[in-house]
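This report goes through one protein model, from a single helix to the whole chain and then to selected residues.

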Amino acid sequence: MLRFVQEALVKAGAVSPQARLIHNVTLSTGSTLWLDVGDGAGNWFHVKACRQLSLAEEFDRFRLARERFPAYTAEPVAHTCLAGWSILIARAVDHVTVGAADLAASGHSGESLRRQLIGFFAAAQASAKADILRQDNETFMREAVAYLAASPAVSPPVRELALGLDASVWGDIPAISQHGDLVLNNLARAGDRLIIFDWEDYGVTALAGFDICLLAVSMAGMDAAGVAAIQRSENPADQVWAFAREASAACGLPYATFRALIPVYLLAFRYLKRNYGEEIRARMDAMLGELLP
């Protein structure tokens, strides 16, 4: 595998043919490997390799995200296919994780992170007119509801919630390509800079407010109690998800509308996670089931 990675890095001009790579396998699940690879000269790369699925589309989405949000995104370096492996390489970023307390903190650090976060949502809104990835909201939600209503992998309460949706509620949602998995563990800080990772679902949905909802729910505990608290709070100023009001405004979405759309966003997220592990699907189903009156 290391030889394949070196071939891809050399071809991309990222390392010299004489570089002696060092590596660390950070995670391996099923057919996918994640590695950190260094060239011995201080340059490090993050590598994702998969045998069963092509990472070409993910690389294209990653590259587009880098073009649109260069301040928030690591640099995608190369994608290649070698010996049956699809290999995606990005330049590694030295970072520390960001938690809910960091985003909600008073003082310069917290204010800087929140300002950058709102800047990200504003930049996403600004890019919408030129969006080549943007999914039609009507088509996306029709597909999502059809899947959730018919799949045996979905719990009965979630099917009931999906079938009970009024299709008109998403007709007026602004169309802005979303990150698709903007939860806390995909945020980090490199010095004073906010970094966003994991762009594989970028543009799959364009439901404005979707990313805000995921991050707010993630900060509130990723459970039904947190969701209910967000829905109830007309003024979130004293809550850890206080960013959501200003972020909604940056997307052209009234905060009251955002709160009313939370069940739609969470059903859309459940649809996006349909191929994930049973544990994640069950957790989402339990949370959604508690939203029923």
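Which helices do the buried residues of α8 pack against? They pack against α7 (210-219), α10 (255-260), α11 and α12.

## Basis of the model

This is a predicted model, in which local features need pLDDT of at least 70, side-chain atom pairs count only at pLDDT 80 or more, and totals for chains, interfaces and linings use all residues. Residues are numbered from 1 along each chain as its sequence is written, and side-chain values use heavy atoms, with hydrogens and water left out.

Helix α8 covers residues 224-232, and its buried residues are A224, G226, V227, A229 and I230. Here buried means under 20% relative accessible area, exposed means over 50%, and partly exposed lies in between (1.4 Å probe, protein chains only). An α-helix has 3.6 residues a turn, so residues three or four places apart point the same way.

Q231 also belongs to helix α8. With a relative accessibility of 27%, Q231 counts as partly exposed. Leaving aside residues up to four places away in sequence, Q231 touches R259, I262, P263 and L291; a contact means heavy atoms within 4.5 Å. Q231 and F197 are 34 residues apart along the chain, and their C-alpha atoms are separated by 27 Å.

## Overall dimensions and surface

The protein chain has 12 helices and 8 strands. Helices (H or I, at least four residues) and strands (E, at least two) are DSSP runs, numbered from the N terminus. A compact globule of 293 residues would have a radius of gyration near 19 Å, and the 20 Å of the protein chain agrees with this. That radius is taken over C-alpha atoms, and the globule rule is 2.2 Å times the number of residues to the power 0.38. Along the principal axes, the C-alpha atoms fill a box of roughly 65 × 50 × 35 Å.

Of the 293 residues, 49% count as buried. Among contacts with a separation of 6 or more, 65% are between residues 24 or more positions apart. The accessible surface of the chain is about 13600 Å², with 51% of it belonging to carbon and sulfur atoms; the areas come from the Shrake-Rupley method with a 1.4 Å probe, and for residues only the protein chains shown count as cover.

## The three-stranded sheet

An open sheet of 3 strands has the order β6-β7-β8, with antiparallel pairing. β6 (96-97) and β8 stand at the edges with a single partner strand each, so one side of each has no neighbour in the sheet. Two strands pair if DSSP finds at least two bridges between them.

Strand β7 (residues 187-190) and strand β8 (residues 193-196) run antiparallel and are joined by 4 bridges. L187 stands opposite I196 in β8, and A188 has I195 in β8 as its bridge partner. The two strands form a hairpin with 2 residues between them, and G191 in the turn has a positive phi of about 65°.

S86 lies in strand β5 (residues 85-91) and is buried at a relative accessible area of 4%. Beyond residues up to four places away in sequence, the contacts of S86 include K48, C50, L55, H79 and C81. S86 and A14 are 72 residues apart in sequence, and 18 Å apart in space from C-alpha to C-alpha.

K273 sits in the loop between α11 (262-272) and α12 (278-289). K273 is buried, with a relative accessible area of 5%, and touches D181 and R281, not counting residues up to four places away in sequence.
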